[in-house]
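Here is a quick walk through one model, from the whole chain down to single residues. Keep the 3D view open as you read.

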Amino acid sequence: MSKPTRRRAVLYCRISRTTEESVSLERQRRDLEKLCELEGWDVVDVITDDGKSGTKDRAEATRALDMLRSGTADTLLVWAFDRWSRQGLRAVADLIEVMRERKSARFYAKKDGLRSDQPAWRIIASVLAEVAAMEAENTSARILAARAAHLSKTAPEEQRFLGGRAPFGYRPVPNPHGPGKALAVDEYEAHVVREVAARLVAGETLTKATLWLDAEGVPTPQSPARRARQAGAPMDGLHRGAWRVTTVRNLWRSETLIGRTTQKQPIRGADGQPLIGADGRPKYETRTVVDDAGLPIQRWEPILDFDTYAQLQARLPQVGRVQPRRTVSWLTNVARCAGCGGKLYAQKVRRRGEEALYFRCAQKGYVLEPCTAPATVRVDRLEEYVEAAFLRAAGSHPELERVERVIAPDVAQEARDVAQAIQDTLSAMGRDGADLPTLSRQLEELKTRRTALRELPSSTEVELRPTGRTLAEVWAELGDDLDGRREHLRQVVTGVVVKRTARNGTRAPLDAERVRLVWNADHGFELDEPAALPESASGALKIRLR
């Protein structure tokens, strides 16, 4: 008679944060291993989650479940059911689905005594998961309310760092005004912040700044190497993380760099109630913490001055989440019809047995106001003509970087803060149940401050700074980057106007009579000649820097 096969167990241990009050990972592991010894099970793996939120997806939990699904393990053990269920109902549903697929698989929560081979265990698990989810949401709401109350304090002796990961550029230190921690400038990271800011303001791209951070080995904000360095421990052998363009953009746009604090707050509708997402949970957004007057609170020593920060915001515009339409030509949104002034749109057209992209006037088929002379031109032919005209006229000219400098950056920054506070106050007044008397007083105070700020000197100087490259050199470097080429062209050419050909059914030549380049005089260029560009004007058209 063959000896029965011993069950293989995978242990999943989790704590939300490593604290003395937590049920430690070591204790969980010890208890689960003792259970396996009593049951006669072999432990094939021990998987831990340390310091991660229970309401977010966890790769380690997924790995443990995959071992059960694939047959690498026969039993999944957790110390308590909430170690698994706080991931949400979706995680519990996935667990039940694996149990259904593998009849021999088992799940066991030691503390609760819950086993998957018990009657009605699916119902019990679902109820416990919903209770855990409600507890997590209530706990989160209480924590957010407590944080909001504390962060709204403006007196230095009442301000302290509430814990968690310190913003990049800062480190936690003992609070000089009382108990707890405060944030102080981390000189190493502050140097990095100022260096990258200077590069971006000088015209360097986000991509190059990101590559520089990686090349210098700067630890990312959430990397183990950063935690070790700030704790005074060596970083040797620790992962420093990989910088991403989106991380650099968001970090160098953050108001934490000028000593302010952000807070996750619920998004509310016109009725003042929190908006609910598709997952059934309230939606949140991150906002700057403000005082009773609606103005941002200065909590820590700023790393960047307001002038540099304002220039960064101009260099790094906020990017939306909407996926842009695919660009098919660098003349998209540049080429226009001379007949109606409307945009020319690229379409595939089959002519003489071959298919090609053509720019065509969209108003040709309009019923109310059809274009009387709709233009049509092959995309590749128009690109070839405009490229030659652009490079011939402006290729040798230096590329210019537009740099804005605020004369009174502190006044300009406060003016922006007041304007934003006025908008927020007006929005709050439109919500149901709003405290109108208090909000009205706040609005009047903000308007008074706005009037006073307008009387203070605050202007902007604009400098057009050569980058050391010619427009032709930049054009060649952009290569197949269609969006990049279009933006580069628009520094000099704001539009390309195409007339309808008089030779219907035949290929008409592209010349200055049919194609007109509209030159940009606002970026520091002036033309000595009219905008029309004849084929023979290789040396006649000159562009000079103002």
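## The chain as a whole

Of the 546 residues in the protein chain, 40% are buried. Keep in mind that this is a predicted model. Looking at contacts in the chain with a separation of 6 or more, 64% are between residues 24 or more positions apart.

The protein chain has a mean pLDDT of 76, with 73% of its residues at 70 or more. Going element by element, helix α6 (residues 187–201) has the highest mean pLDDT, 92, while strand β19 (residues 543–545) has the lowest, 34.

## The cavity

How many cavities of 30 Å³ or more does the structure hold? There is 1, and the volume of the largest cavity is about 30 Å³.

Lining the largest cavity are W41, T75, R106, F107, Y108, R115, S116 and D117. Strand β4 (residues 106–109) supplies the largest share of that lining, with 3 residues. Sorted by class, the lining comes to 3 charged, 3 nonpolar and 2 polar residues.

R102 sits in the loop between α4 (89–101) and β4. Is R102 buried or exposed? Its relative accessibility is 17%, so R102 counts as buried, the cut-off being under 20%.

The R102 side chain reaches the backbone oxygen of A73 at 2.8 Å. Setting aside residues up to four places away in sequence, R102 touches L68, R69, G71, A73 and D74.

## T48, in strand β2

Strand β2 (residues 42–50) is where you'll find T48. With a relative accessible area of 37%, T48 is partly exposed.

Which residues does T48 contact, leaving aside neighbours within four places in sequence? They are C13, L25 and E60. T48 and E60 are 12 residues apart in sequence, and their C-alpha atoms are 6.9 Å apart in space.

G203 is in the loop between α6 and α7 (206–215). At a relative accessible area of 25%, G203 is partly exposed.

## N333 and its backbone

One more stop, this time for a backbone angle. Most residues other than glycine have a negative phi. N333 is not a glycine, but it has a positive phi of about 70°.

Where does N333 lie? Look in the loop between α10 (306–315) and β10 (335–337). N333 has 31% relative accessibility, so it counts as partly exposed.

Methods: Residues are numbered from 1 along each chain as its sequence is written. This is a predicted model: local features need pLDDT of at least 70, side-chain atom pairs count only at pLDDT 80 or more; totals for chains, interfaces and linings use all residues. Side-chain values use heavy atoms; hydrogens and water are left out. On a 1 Å grid over the protein atoms alone, a cavity is a set of points where a 1.4 Å probe fits but cannot get out, and a pocket is an open set with protein on both sides within 12 Å along at least five of seven lines; lining residues have an atom within 4 Å of a point. Grid points are joined across faces, edges and corners, and a volume is the space filled by probe spheres set on the points. Helices (H or I, at least four residues) and strands (E, at least two) are DSSP runs, numbered from the N terminus. Ala, Val, Leu, Ile, Met, Phe, Trp, Tyr, Cys and Pro count as nonpolar, Asp, Glu, Lys and Arg as charged, and the others, Gly among them, as polar. pLDDT is the predictor's confidence in each residue, from 0 to 100. Buried means under 20% relative accessible area, exposed over 50%, partly exposed in between (1.4 Å probe, protein chains only). A polar contact is a pair of N or O atoms within 3.5 Å; within protein, one must be able to donate a hydrogen and the other to accept it, and residues adjacent in sequence count only if both atoms are side-chain atoms. Contact means heavy atoms within 4.5 Å.
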